[in-house]
Amino acid sequence: MLEIRNLHATIDDQEILRGIDLKVSAGEVHAIMGPNGSGKSTLAKVLAGHPAYEVTEGEIIYEGKNLLEMDPDERAREGVFMAFQYPVEVPGVSNAQLLRLAYNEKRKHQGLEELDPLEFKELLAERAKLVDMDLSFMSRSVNEGFSGGEKKRNEILQMAVLEPKLAILDETDSGLDIDALRIVADGVNKLRRPDNAIILVTHYQRILNYIIPDYVHVLYRGRIVRSGGKELALELEEKGYDWIKSEAGVTASA
Amino acid sequence: MMTQATEAKETGLYLEAYEQLRQRTASEVPSWLDRLRAEALEKFSELGFPAPTLEEWRYTNVAPIAKARFVPSWTVDGAEEAGRRWADRVYEEARSSVLVFVNGRFRSDLSSLAALPREAVVLGLADALRSEHQKMIGERLARGAAFDRQHFAALNTAFIADGAFVYLPRGVRVEAPIQLLFISDSGPVMSFPRVLVVAERESEATLIERYVGAADQPYFTDAVVEIYIDENAHLEHYKVQEEGVQGFHVATTWVELKRAARYHSTTVTLGAQLARHNIAAILTEEGGECRVDGLYMVDTGQHADTHSLIEHRAPRCTSFQLYKGILDGRSRGVFNGRIYVHREAQQTDAYQTNRNLMLSNEARVDTKPQLEIFADDVKCSHGATVGQLEEEELFYLRTRGLSFEKARNLLTYGFAEEVVEKIAVDSIREQLNEVILNRLHATALDVR
């Protein structure tokens, strides 16, 4: 589904990603872990097409197409979704309005009929259950006045409505208490399917107790320095990132 | 000397037109109106058109109006066809409560008042001047919108011939919104609509002014609206200005509120190459409440100026003001909001906000709030902002599948919503949403 080859990316002329290689197939969950400043969120934003980042080398092939040539909205309509670490507030636009617009943009792209407000309301009510979200949130402005946990749940609701092929969850677990974490994780698990894939960017192992990854990659200084199965996350939890840092340091100096 | 000669030439056109009007109507109008018009004309000849050296006109140069050769409505034909061409601009809710004006003259054949209760008096002003209400009109007309210092109010007053008269006797409540549709579509015509609204105690109504006109050539509308709201009466007021893109629109709205009276207004500015709106709400007795909102949305070649005055003369009155501007292309906006709190007006609550969204680097806005407070026990605040669309918001919407244009339009819609959502007439709200969401040639966004 996704192949990243030798990806280098900069922001304000500062190189953040220094040669990432990653292959993600349908049905898989990949966790990207790493200490702060290792480039995890940059990778997520480059995949979503954030204009502030410049790709200086390498390529990203998504479903056989060059992802880097696509605008952020094209990527979205083609099934790429990023749950934001800091979801953006959109005053004056209700949650239901945005969700229906986004949903219909995708339907149009697929050559399907758009849903009218009534039809969409039914769909929305059903998807909102996945993240245990009250329908009163639907008439409120997008993320405005939402608590941190509500914002994160709202991101997963958007994911549930848009049903992406490739979902990138950028630190969706940060700032969540244990109950909210469980709700969000349950929602994501219900959306796992053999034909979609998830890249889960996280600093902590905690969420991986709920969303079990097939692969864990450790990012450090813009490179994947280690890959393994779910047990790698536990090892990291136990030993901390210093272990990776010293090991990477040894490799670098060797 | 040169300047004087130019000015004389500029006002000369109006002096000539005035003489014609007088000859045509002298026998029809009451003598007090004849005198009022003469006095106003004299004032206008003295004042001339406002020069940009005047503080009030610093950002708005009306030389293009002064230099143009507009013609009086009685010299043009085709009013009937013009009226029919624009008949679809009657809002659905006002189908049977609308007065239609073409080039400033009331057209009873295009109007319908079937939905109005018999107790409510809604007439063309020329007809009203021949009716039993003449005395009331004489006592009120030009009492509020003083023309001693206001150039365009003086000009309008000199040309009072027609317009609307709305009189709500005590306790009369009108359900259907009363729409006044002003059409200018007969060449370079100038028109001077005059509106007088008298809402007696405990009465209630909704008034909509809508201005439309041809886009293919310049014309000039100079309107004055005077509104008297008595004790516990309530008026909802909408002004939708959609003049043709070459049109000139100058309007004066003056409102007086008595004890515990309520006045809510939303002024929407979409059209005209040059628009200036002076709006004044005067709270003269205790407990009055006014909300004076506005939305101006302009693009290349347009200039929209709002000068507002909220005057608190009595204790325990409240005023809220929210004006939002959306400026695209090479457009220009001006907002000057003055709040004046007299020494007697203790426990005043007065709030004013002006926010501007710049969609282009070439647009410009000048915003100037002025608070003048002479009472010591008041809550007053004001704020003004000028900003652009947030990159992060645009990116967020694009990651949800919306094209750049659609994301931009949706954010613009969101920006305007705070003003739009308060509009209680569905058709106006829907019209605005459509205008906003279809900008930038993006295919329509359906936000239902």
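## Chain A: contacts and build

In chain A of this predicted model, 69% of the contacts with a separation of 6 or more join residues 24 or more positions apart; a contact means heavy atoms within 4.5 Å. Chain A has eight helices and 12 strands, counted as DSSP runs (H or I of at least four residues for helices, E of at least two for strands, numbered from the N terminus).

Of the 254 residues of chain A, 55% count as buried, meaning under 20% relative accessible area with a 1.4 Å probe and protein chains only. Along the principal axes, the C-alpha atoms of chain A fill a box of roughly 65 × 40 × 35 Å.

## Chain B: contacts and build

Turning to chain B, residues 24 or more positions apart supply 84% of its contacts with a separation of 6 or more. Chain B holds 10 helices and 21 strands. Its radius of gyration is 21 Å, close to the 22 Å from the globule rule for 448 residues, so chain B is as compact as a globular protein of that length. That radius is taken over C-alpha atoms, and the rule is 2.2 Å times the number of residues to the power 0.38. Of the 448 residues of chain B, 61% count as buried.

## An annotated region

For residues 184-415 of chain B, an unreviewed UniProt entry lists "domain: SUF system FeS cluster assembly SufBD core"; such annotations may be inferred rather than shown by experiment. This stretch of chain B is 9% helix and 59% strand, with its end C-alpha atoms 31 Å apart.

## Reading notes

Residues are numbered from 1 along each chain as its sequence is written, and chains are lettered from A in the order in which they are written. Local features need pLDDT of at least 70 and side-chain atom pairs 80 or more, while totals for chains use all residues; side-chain values use heavy atoms, without hydrogens and water.

Notes. Buried means under 20% relative accessible area, exposed over 50%, partly exposed in between (1.4 Å probe, protein chains only).
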